[in-house]
Amino acid sequence: MTLPTQPSPGPQPPPRPAEAQKLGELLRTPGYRKTLVFCGLIGIPVSLAAFWFLAGLRKLESLVWVDLPHALGHDAPPWWWPLPLLLVSGLCVGQIVTRLPGAGGHIPASGLHPGGSGAAALPGVILAAVFSLPLGATLGPEAPLIALGGGLAIALRHLTGTPETPMSTALLGAAGSAAAIATIFGNPLIGAVLLMEVVGVGGPQLFAVMLPALLSSGIGSLVFTGFGRWTGLGTGDLKLKSGTQFPRLDAGDVLWSILIAVVIACGVYLIQYGGRLTSVRVAGRPLTVTVLCALGAGVCAAAYALGTGRSPADVASSGQTTLGQLAGDPHAWGVGALIAVLLCKGAAFSLCLGSLRGGPIFPSLFLGAAAGVLCSPLPGLGIGAGLAAGMAAATVTALRLPVSSVVLVVLVLGSTEMIPVAILAAVVAFVTAELLPPGPPVPPVGRTPQPAAPAPPA
C-alpha cells in the first residue's frame, strides 16, 4: 500500500541576520523605547538653549567688533584691536581651565568629541566659549554646542526614570549634541551624520569600508554627470531646477583637486601638529601659556591687518562670516591678501587649537576656501572646483570625518554640482593625513588630582 505523500513545503524565507534580530529585540525593550521618545523630546529644550547661546555669541561679537570701534570713532576695527581682546581672552580662559570643573571643555586640538559632559562642567564650557569666540579666537562654536547639547540631555536624564547606564548616557549625549549642532548648520541631516562619525559607530572597520565606497561613488558620478564637453550618461534624477549653477566640471578640475588635496592636507596637518604641541605646553603651565598663545594669535591678526590694510577680523574670528564674503566675491581678494590670510590665520588657528576653547570646523572651511581661490587661476581649474576641493580637503584633515566633510561642503556651496570633486579631495586628503606620523597626544582636560595624604601609621 502506497502511503500518501506529504506536500513539499514552499520556499522558506531566509533567516534574519543576527544584527537585525538584535535590533528587533532592542526595539522591544521598554527602556529603550522610553529613551527613544525622550531623545525626541529633548531636542526642544536643547535647540532653544543652543539658539540663545549662538544668538548671545553673535551679539557679543557684534558689540566687540562693530559697535565698540564705532563708539570710539573708528569706521572699522584698527590693526591693534585684537591685541587687548585676546589678552583678556587668554587671562579669563586660563582661569577657567585651572579653576572650574571640566576645564572649560575639551581641547580643540584633539578634534570633535561626542557630548556627555556632566552638569557641573557646563558653566565652565559656556564661560570659556564666551571669553574665547567673541574676543577673537580663531575657532568655531560647534564644540561648545556639542558639549552644551549633550550635557543638557544628560542633566535632564532624571525625567525619564531610566537607570544611568553607559548605553543610555551615550544615547542621550549623542541626541542632545545632534540637536544642538543642527542649530548652527541649519540642517538636521548634518547633525545626525556628524555625530554618527564623531561617536565612531562601526569603528575602524566602518572607515575601511566607507572610503572605497565613497571614492567609487565619486568617480561613478563623473560617468553619469560628465565633464567638459562630454555630457555623461542620462538616467533621470530627482534634482529640481534651481537658480545659479556652477559650470560643468572639466578634466583639469578633477586632476588639480587631487594635487590640491595633498598639499592642503599637509598644511592643515602642520597646523594641527602645532596645536598639539601647544596643548602639551599649556598642560604644564595653564595660565601663563594660555595667555601667551592668545596674545600670539592677536599678533597674527594685527600683523595681517598692518600688511594688507584689511580688517583684523579676517584672522581673529571663526571665519564663518568671512567665508561668505570670500565665496561671494573671490576676486575682491588679491593674491597677496590670500597668502597673508592663509599664513596668519593658519598660525593663529594653531595657537588657539591648543590653548583656547572652540571648534575646528569653520576655520578649516575658511582656510580650505582661501587655498582653493588662490589656486583657481591654475590652467583648467575653476573657482567652484577650487572651493569644493579646498574646503573638503581642509575639513576632512582637521576632523578625520570624510562623509561629514563632504556633506558640509555641499551644504556650504548650496549646490550638488561639485560633489565629485569634494569626494575625491576628501578621500585623498583623508588618506594623506592618516599616512603622516601622528602628533604628540593631547593631554586630558580637567584639574590634576592632588595626591592622597599618606595614611597614619598603625
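1. Y269 and Y273 lie four residues apart in helix α9 (residues 251-284), so about one helical turn separates them. Helices here are DSSP runs (H or I, at least four residues), numbered from the N terminus. The model is predicted: local features need pLDDT of at least 70, side-chain atom pairs count only at pLDDT 80 or more, and totals for chains, interfaces and linings use all residues. Residues are numbered from 1 along each chain as its sequence is written, and side-chain values use heavy atoms, with hydrogens and water left out.

2. Four aromatic pairs are counted, the rule being that ring centres of Phe, Tyr or Trp (its six-membered ring) lie within 6.5 Å. The ring centres of Y269 and Y273 are 6.0 Å apart and the planes meet at 50°, so this pair is tilted; planes under 30 degrees apart would be stacked, and over 60 edge-to-face.

3. One cavity of 30 Å³ or more is present. A cavity is a set of points on a 1 Å grid, over the protein atoms alone, where a 1.4 Å probe fits but cannot get out; lining residues have an atom within 4 Å of a point. The largest cavity holds about 70 Å³, a volume being the space filled by probe spheres set on the points.

4. The lining of the largest cavity includes H106, V125, P144 and R357. Helices α4 (122-132) and α5 (142-155) each supply at least two lining residues, and α5 gives the most, with three. By class, the lining has five nonpolar, four polar and one charged residue, where Ala, Val, Leu, Ile, Met, Phe, Trp, Tyr, Cys and Pro count as nonpolar, Asp, Glu, Lys and Arg as charged, and the others, Gly among them, as polar.

Methods
1 Å grid on protein atoms, 1.4 Å probe; cavity = no way out; pocket = protein on both sides within 12 Å on 5 of 7 lines; lining within 4 Å.
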